[in-house]
Every structure is written in structure tokens, then in C-alpha cells.
Amino acid sequence: MAKSTLSFVCQNCGAAYNRWQGKCDSCGEWNTLAEEDTTGSVPVSIRSKRKGRTFALESLSGKTQDAPRLSSGMAELDRVTGGGFVRGSVLLVGGDPGIGKSTLLTQATSMMARAGHRAVYISGEEAVAQVRLRAERLGLADAPVQLASETSVEDIVATLSEGAVPRLIVIDSIQTMWTDTVESAPGTVTQVRASAQALIRFAKKTGAAIILVGHVTKDGQIAGPRVVEHMVDAVLSFEGEGSQQFRILRSVKNRFGATDEIGVFEMTGLGLREVTNPSELFLSERELGSPGTAVFAGIEGTRPVLVELQALVAPTSLGTPRRAVVGWDPSRLSMVLAVLEAHCGVKLSGHDVYLNVAGGLRIQEPAADLAAAAALVSSLVNAPLPTDAVYFGEISLSGAIRPVAQTPARLKEALKLGFARAILPESARGESGGDSGLTLNSVGNLTTLVAEIAARGTPRGDRGTPRDDRRDPGGSGGPDAAEKNATPARFRRETS
């Protein structure tokens with residue numbers, strides 16, 4: 001018998017140590033080391049005597065075929081996966097507790113089962129009766145999904161090997177699975193790694209698509225060793241705020257499709273509803289004529305998305321002004337504020353700055369710099385921005401507006417939603433082709449945009465009256481301009 005080898009493994013990053021210590025030197029976390037038996041089930045003497053087998057080597061040139069895909073029946077889920085589930089692939093889905101992971105996968109397995117495919121849902125956290133209650137609430141109780149409540153990987157593989165090969169298998173969750181090959185508690189790094197490896201082997205051997213549900217840490221990262229993310233074919237993140245009804249499925253890694261693709265869902269009483277036009281949904285509660293709001297034409301994966309950026313600049317009573325941002329990179333906000341103060345003469349050192357992306361969407365591209373700067377200046381000088389305009393462009397440290405990718409797609413989405421003009425980088429004018437249908441206002445430097453917004457500014461408490469003719473040429477801040485810049489009626493907020 002092989003001698004049992006004990007080590008202390010960090011449950012956050014997977015680093016192993018010979019003795020216990022309070023802090024992990026690899027990731028810096030405290031009290032994450034747990035004692036585990038790292039010896040495998042096969043003795044070392046047997047493993048060392050095993051001889052390798054030869055295998056055939058092939059060249060790079062040869063015929064290649066696209067991986068066969070199986071549609072899930074949900075267009076938004078197929079978009080994120082790259083067109084459907086690839087046979088033999090393994091996907092890892094993570095998200096905060098209660099965000100709707102089980103609801104999404106229950107709907108996906110039910111639709112595939114109704115299409116005539118064998119779909120299996122195995123829960124290690126809930127009983128079969130609990131899964132049935134969720135299916136009844138979603139109106140999916142009649143779907144021929146095969147359910148089980150099991151945590152032993154060996155029993156799961158033996159059961160699924162009988163009969164027809166399942167097309168889709170859901171394991172909820174991988175942290176509750178355990179295997180006999182290692183002697184550790186379920187949820188530890190060793191068990192998660194060994195259980196995932198056994199399930200991946202089964203998927204590659206039989207051609208079944210497997211979805212693993214993973215817990216997340218307090219930082220939003222998928223719990224367990226990062227090696228599991230490298231083992232699977234795709235990593236999907238299910239995001240959303242508890243106070244918002246929107247849910248966003250984001251592709252973080254995908255070997256069979258594009259990364260940074262998103263699918264938008266709306267949480268309703270009957271489960272998750274697909275949102276085919278997320279831009280209209282994000283702008284549905286938009287308040288027109290309010291200073292500090294700008295519409296950003298962004299790109300998420302291959303999909304153009306229009307979203308509202310809200311800014312509030314208020315005098316501070318603190319020695320150090322506060323900077324708060326939700327849905328955007330705080331470092332980008334700090335850079336935009338520095339450029340505004342250094343090159344545009346906008347003094348923000350005595351003001352608190354708050355920036356929010358409406359709808360719970362998280363923006364990751366630098367093209368939102370121009371929209372954020374316009375919203376900040378609009379709030380500072382109390383000048384409402386044109387309500388029929390969209391903004392996009394990257395701001396450099398010199399104050400120049402740099403071009404961004406996929407300009408035609410952004411303009412096409414804005415035109416479809418009824419917007420009439422676009423404020424974009426000067427060098428991106430030729431890329432639009434001139435036939436976008438929008439009035440294009442090109443901006444080469446941030447100073448020009450700041451001057452135009454400041455000219456429409458009005459004192460606080462007197463938004464309808466311009467400061468003077470010099471500061472507001474043509475009376476652009478008056479009610480006539482508001483009517484000229486009105487957007488379609490479906491974006492208006494009803495007021496009583």
C-alpha cells in the first residue's frame with residue numbers, strides 16, 4: 001500500500017504546503033489552508049512501472065470539419081455559447097447565489113427534452129422534490145427531463161453510461177461532487193479537481209455536453225482552483241444585481257466561439273425571459289431633459305448595446321472628494337477626471353463625483369470615455385445634453401478623442417432606436433460610410449465638446465432660463481430646443 005501523504009492545500013488558489021500556516025503565500029488569503037490527502041488511489045509502485053503506448057502523429061494540413069452543435073432552444077444562450085452546445089464539450093457556469101443559474105439550466109434542459117433529446121439534471125444541493133417544485137413554478141413540469149439527486153461521481157458516470165447517451169447533462173454543483181479516488185471532503189481543491197476531471201473524461205468519451213455549475217467567492221470569482229477553468233471548454237458568468245430584473249450571461253472563455261459575448265435575460269414570475277433588444281430595455285426608464293445623463297453606444301461581443309450613463313457632480317464638504325462608480329472601471333473614471341481638469345479647465349477637485357451605468361450592465365470597453373465625460377460636464381454646469389444623441393469614443397491622456405472599433409454597428413443600432421445624431425471621434429467619420437442616416441458630429445479634442453456643453457449651462461434651480469445670450473447662443477437651453485431634441489414616444493417617461 002502506498003504511504004498516505006498529507007499536505008495543506010489552499011482552498012482559494014490550490015497552493016500546497018508541508019505544514020499549516022495562517023496566510024497563504026501564493027494568493028495572500030487568510031485561513032484558507034485545509035489538510036488533504038494528496039495520494040491517488042493507484043500506488044506509486046504500479047504507476048511507475050506502467051509503460052506508455054505509442055500514438056499516431058498528424059500534420060497541420062488536412063481536412064477540418066466544424067464542430068457539430070446542438071441548439072438549446074434559447075436564442076440568447078446559443079448566442080453566448082457560439083451557436084449551441086458542442087458535443088463532448090464541458091461548460092462551467094458561475095454566478096452569485098440566487099442570481100438564477102438553476103432557473104436558466106432548468107429551462108434549457110426542459111426545452112432540449114421537449115425537442116426529443118435526452119437531458120439529465122443532477123443536483124447535489126437540492127432534492128428531486130425541490131427541483132420539481134421549481135419546474136412547476138416555471139410551467140415546465142411536463143418536460144421529459146430525467147432528474148436525480150446524487151453526489152458520487154462514480155455512481156453518476158455508471159448511471160449515465162446505461163442506455164442512450166445523454167445530449168445534455170447538468171451537474172449542480174461541482175463543489176458538492178466527490179470521488180473515491182481521493183480522500184478529501186467534498187468542496188476541497190483536490191475533490192473539485194478530481195471530480196471535474198472524471199466528468200470531463202466521460203464527456204469526451206461519450207460526446208455528451210456537460211454543464212458544471214460553480215460557486216463564486218465574495219469577489220465574484222468562481223470558487224475552487226483556477227485549473228478547473230483551464231480544463232473546461234467554456235466559462236460562462238451569470239451576472240446581475242438583486243435590485244434589477246435584468247440578468248446578463250457573459251462568455252469569459254469559449255474554445256468554440258467568441259469571448260466577451262453576452263446574452264440578456266429578464267427575471268419574471270415565470271422564469272427568465274429572453275431579451276432580443278436589450279438597448280430598448282436599458283433605455284425604457286430613461287428620464288429626458290435631465291442634466292448628467294448621456295446615451296452610450298457600446299459593443300458587447302458582436303452585439304451593439306445602447307445604455308444610459310448617469311453622472312452626479314456635487315460640491316463636497318470633505319477634505320478628500322468622494323469618487324463612486326457603479327458598472328464601470330474606477331481607473332477609467334479617474335483618468336477622465338484628470339484629463340478634464342488638466343486640459344479642459346474643469347475643476348472637480350472640490351466636488352464629489354458619482355457615475356452609474358443604468359440597468360445593471362457592466363461596461364468594459366474604453367469607448368465609454370466620451371459619454372462619461374459628457375455626462376460629468378453636463379451635471380457640473382447643469383446643462384441637459386441633446387436627448388436624441390449618442391456618444392462614443394476613447395479619450396487619450398492628451399485630451400484627443402481616439403477612434404473605436406465597429407462604428408457602423410453602433411450607428412445602425414442608434415438609428416434603429418430613433419436617435420438622430422451621434423457624437424463620435426473625428427477619425428471615425430470616414431469609417432461610417434456617410435450613409436448611416438444620422439447627423440454625425442465629429443469631435444477631435446475633448447476641449448471642444450466641453451465648451452459646447454458649458455455654453456448651454458444654466459444656474460441651479462433655473463434650468464429653463466439661459467444664463468445670457470453670450471453663454472447660450474441661440475437660446476439652445478430653452479423649451480424650443482427641448483422639443484427639437486425630443487426622442488420617440490416609447491422612450492418618454494409618463495409624468496402625472
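Which β-α-β unit do S17, H9 and S18 make, left-handed or right-handed? The unit is left-handed. A crossover is right-handed if, with the strands pointing away from the viewer, the path from the first strand over the helix to the second runs clockwise.

The legends below describe a predicted model, in which local features need pLDDT of at least 70, side-chain atom pairs count only at pLDDT 80 or more, and totals for chains, interfaces and linings use all residues. Numbering starts from 1 along each chain as its sequence is written, and side-chain values use heavy atoms, with hydrogens and water left out.

**View A. Strands S17 and S18 run parallel.** Strand S17 covers residues 323-326 and strand S18 covers residues 351-357. Four bridges join them. Arg323 stands opposite Val353 in S18. Strands (E, at least two residues) and helices (H or I, at least four) are DSSP runs, numbered from the N terminus. Two strands pair if DSSP finds at least two bridges between them.

**View B. S17 and S18 belong to an open sheet of seven strands.** The order is S17-S18-S16-S15-S19-S22-S23, and the pairing is mixed. S17 and strand S23 (439-443) are the edge strands, each pairing on one side only. From one strand to the next, the twist averages 30°. Angles run from 0 to 180 degrees between N-to-C directions, and axes are lines fitted to C-alpha atoms, for helices over the stretch in contact.

**View C. Strand S19 (residues 389-391) runs parallel to strand S22 (residues 421-425).** Three bridges join the two. Val390 has Ala422 in S22 as its bridge partner. Helix H11 (residues 407-416) packs on the sheet and touches S15, S16, S19, S22 and S23. The direction of H11 makes about 130° with that of S15. H10 lies across strand S15 (293-300), strand S16 (303-315), S18, S19 and S22. H10 runs at about 30° to S16. Contact means heavy atoms within 4.5 Å.

**View D. Helix H9 (residues 330-343) crosses helix H10 (residues 369-381) at roughly 60°.** Their axes come within 10 Å. That angle makes H9 oblique to H10. Angles under 35 degrees count as roughly parallel, over 145 as roughly antiparallel, 65 to 115 as roughly perpendicular and the rest as oblique. The crossing is right-handed. A crossing is left-handed if the near helix is turned anticlockwise from the far one by less than a right angle, and right-handed if clockwise. From H9, Arg332, Leu333, Met335, Val336, Leu337 and Leu340 meet Asp369, Ala373, Leu376 and Val377 of H10. By class, this contact has eight nonpolar, no polar and two charged residues. Ala, Val, Leu, Ile, Met, Phe, Trp, Tyr, Cys and Pro count as nonpolar, Asp, Glu, Lys and Arg as charged, and the others, Gly among them, as polar.

**View E. H10 also crosses helix H12 (residues 446-454), at roughly 35°.** The axes come within 9 Å, and the crossing is right-handed. H10 contributes Leu370, Ala373, Ala374, Val377, Ser378 and Val381. H12 contributes Leu446, Leu449, Val450, Ile453 and Ala454. The contact of H10 with H12 has ten nonpolar, one polar and no charged residues.
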